[in-house]
Amino acid sequence: MSSKPLLNQYLEDFKNDPELIAEGLKLDITEDICRIMKAKNMNRSQLAERMQTSSAYITKVLRGNVNLTLLSIAKFAIALDTPVEDLFRLVVKQNKKVAV
């Protein structure tokens with residue numbers, strides 16, 4: 001039996017799980033979208049209008065119920081009038097310690 005606490009063993013088992021990593025990326029990107037919306041005093045309806053989509057779609061994205069594609073991320077960046085890199089601020093910040 002390992003001397004590691006059970007939670008640490010589970011975390012170790014899942015650290016390389018692609019589905020878990022993808023969910024974390026999606027969460028980071030949606031948090032950045034919300035941060036930018038707040039900074040620009042933009043609500044979901046306004047963002048939906050700029051993206052020529054429904055408010056329901058924006059809500060689904062922000063709740064994490066939609067898989068983001070590169071195209072959808074680009075559309076968000078354009079609608080938010082922000083560089084696409086700004087939608088990855090949390091991703092980059094959390095991974096800066098990783099050696100390339």
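Predicted model: local features only at pLDDT ≥ 70, side-chain atom pairs only at ≥ 80, totals over all residues.
Q: OK. Where does Leu 80 lie?
A: Leu 80 sits in the loop that links α5 to α6, and α6 spans 89-95.

Q: Buried or exposed?
A: Leu 80 is buried, because its relative accessibility is 0% and the cut-off for buried is under 20%.

Q: Which residues does Leu 80 touch?
A: Leaving out residues up to four places away in sequence, Leu 80 touches Ile 33, Ile 36, Met 37, Lys 40, Met 42, Leu 47, Arg 50 and Leu 87.

Q: How many residues apart in sequence are Leu 80 and Met 37?
A: They are 43 residues apart in the chain. In space, their C-alpha atoms are 7.2 Å apart.

Q: And what is the phi of Asp 81 like, positive or negative?
A: Positive, near 55 degrees. Asp 81 follows α5.

Q: Let's zoom out. How many helices and strands are there?
A: Six helices and zero strands. Along the sequence the pattern reads α-α-α-α-α-α.

Q: How much of the protein counts as buried?
A: 26% of its 100 residues.

Q: Now packing. How do α3 and α5 cross?
A: Helix α3 covers residues 44-51 and helix α5 covers residues 70-79. Their axes come within 9 Å and cross at roughly 110 degrees. That angle lies in the 65 to 115 range, so α3 and α5 are roughly perpendicular to each other.

Q: Is that crossing left-handed or right-handed?
A: The α3 and α5 crossing is right-handed.

Q: Which residues meet there, α3 against α5?
A: From α3, Leu 47, Arg 50 and Met 51. From α5, Ser 72, Lys 75, Phe 76 and Ala 79. By class, this contact of α3 with α5 has four nonpolar residues, one polar and two charged.

Q: How do α3 and α4 pack?
A: The angle is about 110 degrees and the axes are 8 Å apart, with α4 spanning residues 55-62. Therefore α3 and α4 are also roughly perpendicular to each other. The crossing of α3 and α4 is right-handed.

Q: Who makes the contact?
A: On the α3 side, Arg 44, Ser 45, Leu 47, Ala 48 and Met 51. On the α4 side, Ser 55, Ile 58, Thr 59 and Leu 62.

Q: And by class, for α3 with α4?
A: Five nonpolar, three polar and one charged.

Q: Back to α5. Which of its residues are buried?
A: Ser 72, Ile 73, Phe 76, Ala 77 and Ala 79.

Q: What covers the buried residues of α5?
A: The cover includes α2, which runs 18-39, along with α3 and α4.

Q: Last one, Thr 30. Where is it found?
A: Thr 30 is in helix α2. Thr 30 counts as buried because its relative accessible area is 5%.

Q: Which residues does Thr 30 touch?
A: Val 61, Leu 62 and Leu 68, not counting residues up to four places away in sequence. Leu 62 is also one of the α4 residues in the contact with α3.

Technical notes: Residues numbered from 1 in each chain as written. Heavy atoms only, no water. Helix = DSSP H or I, 4+ residues; strand = E, 2+ residues; numbered from the N terminus. Buried < 20%, exposed > 50% of the residue type's maximum accessible area, 1.4 Å probe, protein only. Axes fitted to C-alpha atoms, helices over the stretch in contact; angles between N-to-C directions. Parallel < 35°, antiparallel > 145°, perpendicular 65-115°, else oblique. Left-handed = near helix turned anticlockwise from the far one by under 90°. Contact = heavy atoms within 4.5 Å. Nonpolar A, V, L, I, M, F, W, Y, C, P; charged D, E, K, R; others polar.
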